[in-house]
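Morning, everyone. Let me put the model up, and then we'll go through how its parts sit together.

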Amino acid sequence: MKKIRQKDPVSLLLAALVYAAIMLVGTAICLIIGYILVKGIPHLTPNLFSLTYTSENVSLLPALINTLFMVLLSLILALPLGVGAAIYLVEYARRGAFFVSVIRTAAETLSGIPSIIYGLFGSLFFVKYMQLGLSLLAGALTLSIMVLPLIIRTTEEALLSVPDSYREGCFALGAGKLRTIFRIVLPSASSSIFSGVILAIGRIVGESAALIFTAGTVAEVAKSVFSSSRTLAVHMYAISGEGIYLNQTYATAVVLLVVVIIINLLSAFISRKLGGDNHE
């Protein structure tokens, strides 16, 4: 059977197309990363990491610190709501119910909306109507809405992947619904849930369009959640648009690339750790 499949021209054609696609994607990724590194590494200077931004040093450190603040605040707002909504849809709502299908359709629809639309909504609602102004909080609220569908969907899929026998065994031992969820179901799905959180972090780190309308572009470390500030992606957009800081833009891109790689490595490590602990 294996020899027949190997001689099948359709199978050979499909295999060739798959390998060609892999090579094309891999080559494109290597070229992009290589281009950024070659153009950016020579311009990484100590001045870029000064705590205070000036037109001379074009420091990225304030934007990097603001990015960490934005990620933390957005996750604090979105993670409890997203995980809680997924728990309700999987564990409490009747499976196949109309309400559940509406929520899933809404989440899928929201995940496909361009970020500029979220930015306009955040500008009108959070900045103007709620009078938060261009601030870290307004940006975090907007980003939390953006990543909420992603967290809901990934958490829901993670919870659905937990076998029902785990729940039934826990119920048979006399545990209640809530105890079963927090002691059995969530730990079993923790690695997959964490993977979804990392995807959300990646979108937060790389977002610029929505934050320009909600968080502003002030190049200093935010003093409070009501201060206007810029993240690393917005910082790149701002200095590249001026046309005289292209070298610093490439250097900032290198730092952003390193931040994303570190996040992915940490996520892979923690995901394996959580998965190993759960299997034990």
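The centres of domain 1 and domain 2 are 28 Å apart, taken over C-alpha atoms. The bounds are 9-43 for domain 1 and 46-275 for domain 2; such bounds come from an automatic or database domain assignment. To the contact, domain 1 gives 8 residues and domain 2 gives 7 residues, with contact meaning heavy atoms within 4.5 Å.

A word on the source. This is a predicted model, where local features need pLDDT of at least 70, side-chain atom pairs count only at pLDDT 80 or more, and totals for chains, interfaces and linings use all residues. Residues are numbered from 1 along each chain as its sequence is written, and side-chain values use heavy atoms, with hydrogens and water left out.

Back to the interface. How much area do domain 1 and domain 2 bury between them? About 680 Å², 80% of it on carbon and sulfur atoms. Buried area here is the accessible area (1.4 Å probe) that two parts lose on being put together, summed over both. On the side of domain 1 that touches domain 2, the residues are 5 nonpolar, 2 polar and 1 charged. Ala, Val, Leu, Ile, Met, Phe, Trp, Tyr, Cys and Pro count as nonpolar, Asp, Glu, Lys and Arg as charged, and the others, Gly among them, as polar. Salt bridges between the two domains: 0. That would take a side-chain nitrogen of Lys or Arg within 4 Å of a carboxyl oxygen of Asp or Glu.

Last, one span. Residues 12-38 are 100% helix and 0% strand, with end C-alpha atoms 38 Å apart. Helices (H or I, at least four residues) and strands (E, at least two) are DSSP runs, numbered from the N terminus.
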